[in-house]
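Hi,

Here's the structure I said I'd pass on to you.

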Amino acid sequence: MIPEPVRWFPFLFLAASCGPTHSQLDVAAVHSAVTRTTHVFHIVEGDTLSLDLRIPMPSISGAPGIIFLHGGGFSQGHRSKGPHTAFLDTLAKQGIASASISYRLTRSGLGFGCAVPVDEKKAAVESAAQDLMAALDWLSSSPLALPPEWVAAGSSAGAEAALRAGYAMAPQNWAGVISFAGALSSDSEIPENAPPFFAAHGTCDGVVPADEGIHRGCHEEQAGAWSLCGGLCWAQRLSDSGLGSVSHAYCGGGHEVCNSAMLDPIMQQSLVAWLCNPNRERLTERIYVSEGREDNSGEGPCPQPCQ
């Protein structure tokens, strides 16, 4: 089981989807100047894929960089538009390097709902995860002064690709995985050399379940009824296996947490501390986030039921 302490923090939901929003986060203290550059890292199936680098000067010594994939159901979104840009800007000003990447949007015009067969959903995740691995290869071989280690990260669809790359494709190549409302197939197994995990997920997410459940709440007889292990489920599995996982459970939160959590200052502080901790593979904590609550008042986690 996940050990105490259990902590509650107030939060604000800022957006209703993982696509572009205009929300921005004010930064109280700027610690680093940031250099931003764009590079082509891969050409595949006629798609030219680029990444936006944010390199802080100075950076936090020993902290890995973040490779981030935006959300959008594998059909929309952009590496340089959306709440993740404010999130990555904030981290860069605190000394954390990042690369926000393009990836193949193989479901563009096709959807990602209950009528889409599970195999087609898995194929979309696989393509994006392959593009993530290509970005890691490019960054690892670049002559630029970059972090020696990288964390796979993403929001919603991007988080599903990050989880796939981090736990099914090449776990030994990653310094960690960060998921904002992502999931793995429920039959996924924990690999050897599993990297440490950091998750934020709404407990009432009806699109990507936080625990074990069906994608989008599809009926079992529908083609797209994909059984998933969400961010809180995967964090629990890792913890039960004695592996590192830090998770923020947003009580009563829906899929909008894929955006709002990135702009939550409490979560950001927790994430930077996690990235800077050389022993994060041994860190295990579940943080409960509830609107208007500052402690658990002796009650169990997330008292409000999902509607």
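Below is what turned up, going from the whole chain down to a few single residues.

First, keep in mind that this is a predicted model. The protein has 307 residues, and 56% of them count as buried. Its secondary structure comes to six helices and twelve strands. If you take the contacts with a separation of 6 or more, 74% of them are between residues 24 or more positions apart.

Now for the inside. The largest nonpolar core has 50 residues. Which of them touch the most other members? They are I67, I101, L132, W150, Y167, W174 and F197. Helix α2, residues 118-141, gives the most to this core, with eleven residues. There is also another core apart from that one, with 26 residues, and F68, L88, A200 and L275 are among them.

Leaving out residues up to four places away in sequence, Y167 touches V177, L184, E189, P191, A194, P195, P196, F197, W234 and L238. One of those partners, F197, is itself on the list of core residues that touch the most other members.

Next, helix α1, which covers residues 83-93. Is this helix mostly covered or mostly exposed? Mostly covered: ten of its eleven residues are buried. The buried ones are P83, H84, T85, A86, F87, L88, D89, T90, L91 and A92. You've already met L88, which is in the core of 26 residues. Just after α1 comes G95, with a positive phi of about 100 degrees.

On to the strands. β10 (residues 227-230) pairs with β7 (residues 183-185) in the antiparallel sense, over three bridges. β10 is also joined by three bridges to β9 (residues 212-214), and these two run antiparallel as well. To see both pairings at one spot, find L228 in β10: L228 is the bridge partner of S185, and G213 stands opposite L228 too. While you're there, remember that in a regular strand the side chains alternate between the two faces of the sheet.

Then there's the largest pocket, with about 270 Å³ of space in it. The elements that give two or more residues to its lining are β1 (33-44) and β2 (47-57). β2 gives the most, with four residues. The lining has 21 residues, and I55, S59, A145, L146 and P147 lie nearest the centre of the pocket. What is the lining made of, by class? It has 14 nonpolar and seven polar residues, and no charged ones.

- G254 sits in the loop between β11 (245-250) and α5 (257-260). Its relative accessible area is 11%, so G254 counts as buried, the cut-off being under 20%. G254 and V207 are 47 residues apart along the chain, yet their C-alpha atoms are separated by 7.9 Å.
- C276 is in helix α6, residues 265-276. C276 has a relative accessible area of 34%, so this residue is partly exposed. C276 and I60 are 216 residues apart in sequence, but 7.6 Å apart in space, C-alpha to C-alpha. Not counting residues up to four places away in sequence, C276 touches I60 and A63.

Terms used: Residues are numbered from 1 along each chain as its sequence is written. This is a predicted model: local features need pLDDT of at least 70, side-chain atom pairs count only at pLDDT 80 or more; totals for chains, interfaces and linings use all residues. Side-chain values use heavy atoms; hydrogens and water are left out. On a 1 Å grid over the protein atoms alone, a cavity is a set of points where a 1.4 Å probe fits but cannot get out, and a pocket is an open set with protein on both sides within 12 Å along at least five of seven lines; lining residues have an atom within 4 Å of a point. Grid points are joined across faces, edges and corners, and a volume is the space filled by probe spheres set on the points. Ala, Val, Leu, Ile, Met, Phe, Trp, Tyr, Cys and Pro count as nonpolar, Asp, Glu, Lys and Arg as charged, and the others, Gly among them, as polar. Two strands pair if DSSP finds at least two bridges between them. A nonpolar core is a set of buried Ala, Val, Leu, Ile, Met, Phe, Trp, Tyr and Cys residues joined through side-chain atoms within 4.5 Å. Buried means under 20% relative accessible area, exposed over 50%, partly exposed in between (1.4 Å probe, protein chains only). Contact means heavy atoms within 4.5 Å.
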